[in-house]
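I opened this model to look up what surrounds its ligands. The entries below are in the order in which I made them.

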Amino acid sequence: MKESTRLRGLYAITDSKLLADGRLLPYVEAALKGGARLLQYRDKSSDEARRLREADALQELCARHGAQLIINDDAELAARLGVGLHLGQEDGSLAAARALLGRQAIIGATCHAQLPLAEQAARDGASYVAFGRFFQSQTKPGAPSANPELLREARARIGLPIVAIGGITPETAPGLIAEGAQMIAVIHALFAAENAAEVERRARAFSQLFTTP
Ligand SMILES: Cc1ncc(COP(=O)(O)OP(=O)(O)O)c(N)n1
Ligand SMILES: Cc1nc(C(=O)O)sc1CCOP(=O)(O)O
Ligand SMILES: [Mg+2]
């Protein structure tokens with residue numbers, strides 16, 4: 001499958017608090033049923049055994065639903081499972097991660113609101129670049145803010161799929177897609193839900209934004 005086809009649509013990101021108490025697998029499965037194409041396992045704990053167990057279970061779910069699993073921050077775990085990786089600016093060398101994971105792996109890079117960071121990420125072998133945060137984020141309120149117009153310039157200058165992140169809802173996503181975002185990465189507006197059925201409904205609402213060419 002072409003990278004541009006794989007990297008389009010809803011990009012769901014897990015959250016350890018929202019998905020605690022047995023919600024991780026049912027809520028993620030609901031997001032995948034609702035059409036999420038990428039799933040990022042984002043867990044900041046140092047419990048390596050649990051992280052491996054959970055990532056393994058998520059990999060199986062993703063495989064069943066034809067989605068791609070991406071590990072946040074942890075190149076070793078991504079290498080162990082043979083899945084993708086997302087790195088921020090403080091998370092280690094992207095070029096080294098590319099060498100470790102190989103040419104086929106999906107590797108994403110946080111670029112905040114800075115095109116030079118995206119240009120560097122492209123040179124270092126990123127598969128996609130992520131810009132944000134575009135709105136107030138309940139998950140990461142302190143992340144640097146970005147302006148939607150940035151996406152248009154990024155599209156013209158960076159030859160990689162673009163992810164938009166930060167406080168995005170089904171109502172605000174269309175404006176970002178129109179400006180050039182190929183993927184919309186979401187935590188709170190997807191997973192802060194009463195039940196799995198509601199997660200699936202929300203995922204479907206995001207995913208439908210990508211069905212028109
Ligand atoms: C798709 C996507 N974009 C940005 C981020 C943020 O990464 P980072 O800046 O490393 O912050 P943490 O998520 O590690 O707290 C992301 N995870 N995913
Ligand atoms: C993990 C993360 N990174 C961001 C960035 O701007 O780099 S914003 C963010 C949180 C995204 O979650 P929500 O959809 O709940 O706002
Ligand atoms: Mg990080």
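Entry 1, metal site. I am working with a predicted model. I began with ligand 3, a magnesium ion, and asked which protein atoms are its donors. I found OD atoms of Asp-73 and Asp-91, lying 2.1 Å from the ion. I then checked where the two residues sit along the chain. Asp-73 is in the loop between strand 3 (68-72) and helix 4 (75-81), and Asp-91 is in the loop between strand 4 (84-87) and helix 5 (94-101), so the pair ties together parts that are 18 residues apart in sequence.

Asp-73 is partly exposed, at a relative accessible area of 26%. Asp-91 is likewise partly exposed, and its value is 28%.

I listed the shell and got 15 residues around ligand 1. Those that come nearest are Arg-42, Lys-44, Asp-91, Thr-110 and Lys-140.

Next I went through polar contacts to oxygen atoms of ligand 1. A side-chain N or O atom of Arg-42 is 2.7 Å from one such oxygen. For Lys-44, I noted a polar side-chain atom at 2.6 Å from an oxygen of the ligand.

How much of ligand 1 does the protein cover? On its own, ligand 1 has 420 Å² of accessible area, and the protein covers 90% of this. I then checked which elements give two or more residues to its shell, and these are strand 1 (9-13) and strand 7 (162-165). The space that ligand 1 takes is the largest pocket.

Which part of Thr-139 has an N or O atom 2.4 Å from an oxygen atom of ligand 2? It is the side chain of Thr-139. With Gly-167 I found a backbone N or O atom, 2.7 Å from a ligand oxygen. Ile-187 also uses a backbone N or O atom, and the distance to an oxygen of ligand 2 is 3.0 Å.

For burial, I noted that ligand 2 taken alone exposes 420 Å², of which the protein buries 95%. My pocket check placed ligand 2 in the largest pocket, which is also the space noted for ligand 1.

How values were computed: Residues are numbered from 1 along each chain as its sequence is written. Chains are lettered from A and ligands numbered from 1 in the order in which they are written. This is a predicted model: local features need pLDDT of at least 70, side-chain atom pairs count only at pLDDT 80 or more; totals for chains, interfaces and linings use all residues. Side-chain values use heavy atoms; hydrogens and water are left out. Donors are N, O and S atoms within 2.8 Å of the metal (3.2 Å for Na, K and Ca); water is not among the atoms, so sites may look incomplete. Helices (H or I, at least four residues) and strands (E, at least two) are DSSP runs, numbered from the N terminus. Buried means under 20% relative accessible area, exposed over 50%, partly exposed in between (1.4 Å probe, protein chains only). A polar contact is a pair of N or O atoms within 3.5 Å; within protein, one must be able to donate a hydrogen and the other to accept it, and residues adjacent in sequence count only if both atoms are side-chain atoms. Accessible areas come from the Shrake-Rupley method with a 1.4 Å probe; for residues, only the protein chains shown count as cover. On a 1 Å grid over the protein atoms alone, a cavity is a set of points where a 1.4 Å probe fits but cannot get out, and a pocket is an open set with protein on both sides within 12 Å along at least five of seven lines; lining residues have an atom within 4 Å of a point. A molecule sits in a cavity or pocket if more than half of its atoms lie within 2 Å of its grid points. A residue is near a molecule or strand if one of its heavy atoms lies within 4 Å of it.
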